[in-house]
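Keep the sequence at hand as you go.

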Amino acid sequence: MSELRWNPLLGEWVDTATHRQERTFLPPADYCPLCPTRPGGFPTEVPEPDYDIVVFENRFPSLKSRPDDPAVEGTELSPVRPARGICEVVLYAPRHTSTLAQEPVEQIHKLVRVWIDRFEELGTLEYVDYVFIFENKGEEIGVTLHHPHGQIYAYPFIPPRIIQELQQSRSHWESKGTCLICDIARLEKDDGRRLVAENDSFSAYIPFFARWPYEVHVVSKRHLQAISELSVDEQRGLASIMKTLLVAYDGLFAKSFPYMMVMHQRPTDGASYPHYHFHIEFYPPLRASNRLKYLAGSETGAGMFINDTLAEEKAAELRTHVAPVTWGTAGHNQGTG
Ligand SMILES: [Zn+2]
Ligand SMILES: [Zn+2]
Ligand SMILES: [Zn+2]
């Protein structure tokens, strides 16, 4: 049903997960499997009449803690291995039509603490080398369920994109003696044209080298490697800057803005990565209100992105939708909970 096949051309694993074809595809709102179970209603994934934030294992996982043996034999050039790992779903809120952008900043702070908890717990599993926290939002990205949710994949290896960033960060650390991401963030702050928002703990900018028109990187001001190292003030800073960015995104075209959100942090394989730096990247697929950026021949076949827009102009557009975030009184007690 599911196995990892080695791609010797690229030196990376491909997950074959044919059972995922059966998964629920855009059900009507009354039959959302991620809503709370209504009294007398059909049983959803959450057998409660209400919930806050819920994490559970994906029913259609591409990685399993106890995977089946590979259904095929590997070849000399392409070994196979069991698709071992964990796929979790994180429900952000019980309300079906909500989005993370619409949730209060306190709820986003709660989510940050849930992410920390999952990163720490999954990261201690002996077979998990990387905990990948992400969200696909919007039909443009191919989401099959609208209910506000994100996902976590616990991989049995360090994924290729992370390996690339780790290598670039390490060689910069060894040649310059400084952190590459700290240096990029400093340049962006000094220049200022591509900054979208900042607070005491985080800054958000479209990097000079952005591949997507509205690609934003959210970077901690303190040099640290994982979300679990954030102080409570920094957790609140992350929640605030995410709220700011997500509201600005929705303001751009006056509609709920699709994106991929990916969290990049150190692996959990037991090695130390002092040269790496925790950050979150957003890749929105839109280049205009109703125009998608496709990953076409150059992007997919050669790995070279063509960005038809200027990061400086897109950041200026986003800045016009930046508004202050207000914490309710509840927010001030978040630190102890
Ligand atoms: Zn729902
Ligand atoms: Zn750094
Ligand atoms: Zn990154």
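**Exercise 1.** Leaving aside neighbours within four places in sequence, find which residues Thr 244 is in contact with. Then decide whether Thr 244 is buried or exposed.

*Solution.* Remember that this is a predicted model. Step one: list the contacts. Beyond four places in sequence, Thr 244 touches Ala 197, Val 322, Ala 323 and Val 325. Thr 244 sits in helix 4 (residues 232-252). Step three: apply the cut-off. Buried means under 20% relative accessible area. Thr 244 has 11%, so it is buried.

**Exercise 2.** Find which residues coordinate the zinc ion (ligand 3), and how they are spaced in sequence.

*Solution.* Step one: name the donors. Step two: write the spacing. The pattern is E-x98-H-x14-H-x1-E. Step three: link the elements. Glu 165 belongs to helix 2 (residues 160-176) and His 279 to strand 12 (residues 279-283), so this pair ties together parts that are 114 residues apart in sequence. Step four: check burial. Glu 165 counts as buried at 17% relative accessibility, and His 279 counts as buried at 3%.

**Exercise 3.** Describe the second largest pocket: what is its volume, and which residues are closest to its centre?

*Solution.* Step one: the volume is about 260 Å³. Step two: 20 residues line this pocket, and Thr 99, Lys 137, Gly 138, His 146 and Ser 256 are the closest to its centre. Step three: strand 6 (residues 130-137) gives the most to the lining, with 3 residues. Step four: sort the lining into 6 nonpolar, 10 polar and 4 charged residues.

Technical notes
Residues numbered from 1 in each chain as written. Chains lettered and ligands numbered in written order. Predicted model: local features only at pLDDT ≥ 70, side-chain atom pairs only at ≥ 80, totals over all residues. Heavy atoms only, no water. Donors = N, O, S within 2.8 Å, 3.2 Å for Na, K, Ca; no water. Helix = DSSP H or I, 4+ residues; strand = E, 2+ residues; numbered from the N terminus. Buried < 20%, exposed > 50% of the residue type's maximum accessible area, 1.4 Å probe, protein only. Contact = heavy atoms within 4.5 Å. 1 Å grid on protein atoms, 1.4 Å probe; cavity = no way out; pocket = protein on both sides within 12 Å on 5 of 7 lines; lining within 4 Å. Points joined across faces, edges and corners; volume = space filled by probe spheres on them. Nonpolar A, V, L, I, M, F, W, Y, C, P; charged D, E, K, R; others polar.
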